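Please look over the sequence and the structure shown below before reading on.

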Amino acid sequence: MSIDATIGVDSPPIAANLPGALAGHPGHVMTSLPIRCTCGEVHGTLEGVADGRVGLRLSCLCVDCQTYAHLLGRADEILDADGGTDVVQVAPARVRIDEGLRNLRCTRLTDKGLFRWNARCCDSPIGNTVSSRRVPFIGVLTSCLDLSADERDARLGPVRASVNLPAGLERRPANAGFGAQLSVVLRSIGLLSGAYLRGTHRPHPFFGDDGTPIVTPEVADADEVAAARARITRSA
Ligand SMILES: [Zn+2]
Ligand SMILES: [Zn+2]
């Protein structure tokens, strides 16, 4: 694959597109973070982590993300106290799987669900996409980035908003207000349009050039999904 070369070519315009204060900062460097499943069979790289501006960091509280964490048996590690999954949405070309592709699995909770990419060797989640690579971002679960909580904030920037709150949630998490939601919409638009403008919608680590997923998605067993959903606890 020629992904390295493409990212190399791609990097200067991104730096140039950053706001002046950042782009002109003398200490400004483009760096990368390792992506790693728990057992280490699958590893890769998240590129373009610069001054907390890698992408849009969110906490998703939707029932499906919580169900998925329980389905993998990793809820304790993935979900925060509010049941949120910490994801950073990035352009596809930022993500590279370097080793262990044979262990890459694509799980759907239903036949219409998101593509949830994970490592079958140890049930570690890596990232989520929609079922078409034409929506040019990957929600990388920060649990696969091997960072402490403090390091996550420093390297990725803060969680911008908690989104997809389930109905009837008793305690509203931080960043769930209207202002935070609006900023997410604006940042998402910027991320999507920026990916096309800068060409970072490809290469895509999970889809081939013809647009098909590189592994066949597997729809999870309905009974197992129901059991996982039943394990979601609502913290008050
Ligand atoms: Zn593994
Ligand atoms: Zn979700």
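How many helices and how many strands does the protein chain have? In this predicted model, the protein chain has 7 helices and 11 strands. The chain holds 236 residues, of which buried residues make up 37%. If one takes the contacts between residues at least 6 apart in sequence, 67% of them join residues that are at least 24 apart.

The strands can be followed sheet by sheet, beginning with the open sheet of 8 strands, whose order is β10-β3-β4-β9-β8-β7-β6-β11 and whose pairing is mixed. At its edges stand β10 and β11 (218-219), each of which pairs on one side only. Strands of a sheet pair through backbone hydrogen bonds, and they may do so in a parallel or an antiparallel manner. Within this sheet, β8, which covers residues 124-129, runs antiparallel to β9 and is joined to β9 by 2 bridges. Across this pair of strands, Asn 128 stands opposite Gly 139, which belongs to β9.

Which strands make up the open sheet of 3 strands, and in what order? The order is β1-β2-β5, with antiparallel pairing, and the edge strands, each pairing on one side only, are β1 and β5 (95-99). From one strand to the next, the twist in this sheet averages 30°. Strand β1 (residues 31-36) and strand β2 (residues 43-49) run antiparallel and are joined by 5 bridges, and one position to look at is Pro 34, whose bridge partner in β2 is Thr 45. The two strands β1 and β2 form a hairpin with 6 residues between them, and in the turn Gly 40 has a positive phi of about 90°. On the other pairing of this sheet, β2 and β5 are antiparallel over 4 bridges, with Leu 46 having Val 95 in β5 as its bridge partner.

In soluble globular proteins, nonpolar side chains tend to be buried together.

Two residues in loops remain to be considered. Asp 146 is found between β9 (138-141) and α5 (149-156), and its phi is near 60°, which is a positive value in a residue other than glycine. Is Asp 146 buried, exposed or partly exposed? Asp 146 counts as partly exposed because it has 15 C-beta neighbours inside 10 Å. Asn 164, for its part, lies in the loop between β10 (161-163) and α6 (178-198), and its phi is near 60°, again a positive value in a residue other than glycine. With 14 other C-beta atoms within 10 Å, Asn 164 is therefore partly exposed.

Terms used. Residues numbered from 1 in each chain as written. Chains lettered and ligands numbered in written order. Predicted model: local features only at pLDDT ≥ 70, side-chain atom pairs only at ≥ 80, totals over all residues. Buried ≥ 20, exposed ≤ 12 C-beta atoms within 10 Å, placed from the backbone. Pairing = 2+ DSSP bridges. Axes fitted to C-alpha atoms, helices over the stretch in contact; angles between N-to-C directions. Contact = placed C-beta atoms within 7 Å.
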